Amino acid sequence: MILKTQNLGKKYYRKEALKNVNLELETGKVYGIFGPNGSGKTTLMKIISGLISQTSGEVLFQGEKIVTTSKKDIAYMPTSAYLYEGMTIRDAAKYTDLLYGKFNQKKFSEYLEFFELNEKDKVKALSTGMLGRLKLILTLSRDAKFYMFDEPLNGIDPVSRGKIREALIEATKEDRTFLIASHMVYELESMVDEVIFVKSGDIVEKNEADFLREEHKCSIEEYYKEVFSRD
Amino acid sequence: MINLFRFEMFRQRISFGIGTVILALLNIFLYFQLFHFNISNDKMAQYGVLGVLLFFAVFIYLIVESVRIMSRDLLKNEGPFIFMTGHNGYKILGAKLLAVFAEGFSFFLLLGLGSYMYLSKLGVRMAVLPKELLVSSNNLTLFVISVITALLVSWVLLVLTIYLSMAIYKSFLSQQSKGGLISFLIFLVLNFVIKQVIGIITLKMGSFSIMSIFSTGNVNMVFEDAMRLVNYQNIVQIVFAIGLFIGVGALLEKKLEL
């Protein structure tokens, strides 16, 4: 098991963003974490990546409490445009390598070509789609053990979405663990091994994707709609 | 931490470059004015005033730069890039302080060069002053070192107080609607309290009066007293700065809400 959360809770002022979340993620699997906006997906990922702290409970990464150095093995792609705008794509790779370590330059160059990005382009000159692709490839080029992508397809045009899906599918073939958050279930359901549904800070479903399809005789998206249209 | 420092310097490169070029050009201008043209006493006095103003302007600019270097990570979007790296809060804070220190060092070096040229020229004109009014060069050097240290430590202390209020805003007050205002008030109160405490402690260690120059007629003795007091103050400020560094580092490490 690569990651475990025990009674993980997070309160934002009066709002409870996560309610005693108990989650176990196995090494080498691809997890899709689905839920509407504000359900707690980003909060969970931010706690795991160390960008925010939990109010209660704990997170164990490879059996140990997450400490600063664990971040070297956790690659997280946030939704925000977090890259310094004054740098070029080449600078972004250089500083990701310098600051994070374990950066695969060869893989990065291959992704650049695949996504048709020019390393001389400045971050501030990139469109939303291009920036989304850059964030994705910077994250994928790190040799981490655990990868998290928060809404990797949000605001991306259909062509780029296809390419991102393709890159993700390719990356998940390697023996690494992925947690991909989205509310676009249809786009991602074919690539995930397990499905996690989050509703108002609670995990309301966690199961094998194939099992859910068979059990409910429908696609994950249809099941998602059923679960989230209740009450 | 070297890599974090490199990244901070990279992000500062434009302001650093512009500041360096402006100060270098001013030095070239000053050099020609002082040594290649016949400059009047009035103009010399004006340049002296402008030099002092420039010195304070650079000091204020460096405080603004220090705020900018932290706020871009804490209050804007760029924070995750630094805070997901696996470097702890102390290293991140240290790299930021070092980066502004490097920028300040370079600016003050250029200002120092300008001051040296100005004082050299002024020295020629002041050679007519009676000897007993001149401070021994040894004392003057030590005093200048103490004052520069005092400026540096005061700057670090002020910047750390600002960082502490920003870190409080992005940790304990991150969910408060009036968090910004409260953290600003915290900054004002903290600054006032620190200044008062430093003042009280320093006064307990000794005192000096510039007026004693006239009662004792010994400029060097007054300089030594002043230097001792400045050194006491430096020690107390360094202790506070260490405390603040630990506090800010801990908040960045454990309590940040990005």
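Q: Across the interface of chain A and chain B, how many residue pairs does the rule find in polar contact?
A: This is a predicted model, where local features need pLDDT of at least 70 and side-chain atom pairs pLDDT 80 or more, while totals for chains, interfaces and linings use all residues. Residues are numbered from 1 along each chain as its sequence is written, chains are lettered from A and ligands numbered from 1 in the order written, and side-chain values use heavy atoms, without hydrogens and water. A polar contact is a pair of N or O atoms within 3.5 Å; within protein, one must be able to donate a hydrogen and the other to accept it, and sequence neighbours count only if both atoms are side-chain atoms. Between chain A and chain B, with both residues at pLDDT 80 or more, the number of pairs is 11.

Q: Which element gives the most residues to the side of chain A that touches chain B?
A: β1 (3-12) and α2 (89-100) of chain A each supply at least two residues there. The most, 8 residues, come from α2(A).

Q: Which side chain of chain B meets A:Lys10 in a salt bridge?
A: The count between the two chains is 1 salt bridge (Lys or Arg side-chain nitrogen within 4 Å of an Asp or Glu carboxyl oxygen). At 2.8 Å, N to O, the partner of A:Lys10 is B:Glu257.

How values were computed. Helices (H or I, at least four residues) and strands (E, at least two) are DSSP runs, numbered from the N terminus.
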